[in-house]
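I wrote down each thing I looked up, in the order in which I went through it.

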Amino acid sequence: MRAMILDQPGKPLTLRDVSVPEPRGCQVQLQVLACAVCRTDLHVVDGELPNPKLPLILGHEIVGRVTRVGEQATLLPIGQRVGVPWLGWTDGECSYCRAGKENLCPNARFTGYTLDGGYAEFTVADERYCVPIPESYSDAGAAPLLCAGLIGYRSLVRAGDAKRLGIYGFGAAAHIVTQVARHQGRSVYAFTRPGDAEAQRFAKEQGAAWAGRSDERPPEELDAAIIFAPVGALVPAALAAVRKGGTVVCGGIHMSDIPSFSYDLLWGERSVCSVANLTRKDAAEFMDIAPKVPVRTTTQPFALEQANEALNQLRSGKLQGAAVLKCDRAP
Ligand SMILES: [Zn+2]
Ligand SMILES: [Zn+2]
């Protein structure tokens, strides 16, 4: 099969022919139908996340069809379409797992980071961590739901019942969260890189009540804010924009250092927290909600061999919505 492979962080991916992985134990083998490109992939390529599996096949927003099953796999029939998210395996035994916080499991394995992922024609995944895909979604349309959607949704839940919600960084996660937040009757205030008029227009198209620069104050105080951009300087900016008692949720896996700031910004029982990974419960809840909103994803298609190009466009902020690799061979 063809796969885009990362041999070393800091180097581009290379297209290679490798053998199709065999499903073992509770794994299923999947033909990859589509795989979305996430900012986390960029952090792995840039060496900002420690100790990836190497060589590595990236990609943790996989839509695939079951082609074979391992000897202990009993849940998914051959031919079933499923999604494979970031959380690929947990030990099920540690104190976090037993407390329903498997997202914090110290032995967790992650798709496209410590396990091979979906920048390939085939992959294998533990069937217990696969997610059903709502029927109304196309392969490419569903792919961004699997991380931008799931982690975005976990971030939204963490923001509590905030009516006025700020979102910093308007990419794949933000465009999904905005639709869910609007559906729940909230108002969204979108903050983009200064000068990015296109992202501001895109945010308004998705239902944002206001869109402006990340160094601007919104027209009203916010009840909570979610930061998706990997920029630590946005933490004090977001704290300055939320009301007393408000929460700032850091939704990304990596962020540049947070500059020191006056205690005044945190005073008044404001809080800052992060969202790490996801649980299978998040996935089930979000996949139930998405078709009811209905969440409509904006995607830009790339061929598998164009993965480096997709990553570069994500890095430069040129993408609107999510880049999605079409991994099956063109007929
Ligand atoms: Zn992701
Ligand atoms: Zn555990």
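Predicted model: local features only at pLDDT ≥ 70, side-chain atom pairs only at ≥ 80, totals over all residues.

Entry on helix α6. I went through residues 197–205 and noted that A199, Q200, F202 and A203 are buried. Looking down the axis of α6, I saw that these buried residues fall within an arc of 160°, so they line one face of the helix. I recalled that an α-helix has 3.6 residues a turn, so residues three or four places apart point the same way. On the other side of α6 I found R201 and E205, which are exposed. I then asked what the buried residues pack against, and the partners are α5 (172–183), β11 (187–192) and β12 (210–213).

Entry on the zinc ion (ligand 2). I listed its coordinating atoms as OD of D91 and SG of C94, C97 and C105, at 2.1 to 2.3 Å. The angles among the four donor atoms are 98 to 120°, and the site is tetrahedral. Along the chain, the donors follow the spacing D-x2-C-x2-C-x7-C.

Entry on R217. I located R217 in the loop between β12 and β13 (222–227), and its relative accessibility is 57%, so R217 counts as exposed. Leaving aside residues up to four places away in sequence, R217 touches W210 and A240. I also noted that the C-alpha atoms of R217 and A241 are separated by 6.2 Å, although these residues are 24 residues apart along the chain.

Note on methods: Residues numbered from 1 in each chain as written. Chains lettered and ligands numbered in written order. Heavy atoms only, no water. Buried < 20%, exposed > 50% of the residue type's maximum accessible area, 1.4 Å probe, protein only. Helix = DSSP H or I, 4+ residues; strand = E, 2+ residues; numbered from the N terminus. Arc of directions from axis to C-beta. Contact = heavy atoms within 4.5 Å. Donors = N, O, S within 2.8 Å, 3.2 Å for Na, K, Ca; no water. Tetrahedral: all angles 85-135°; square planar, octahedral: opposite > 155°, others 65-115°.
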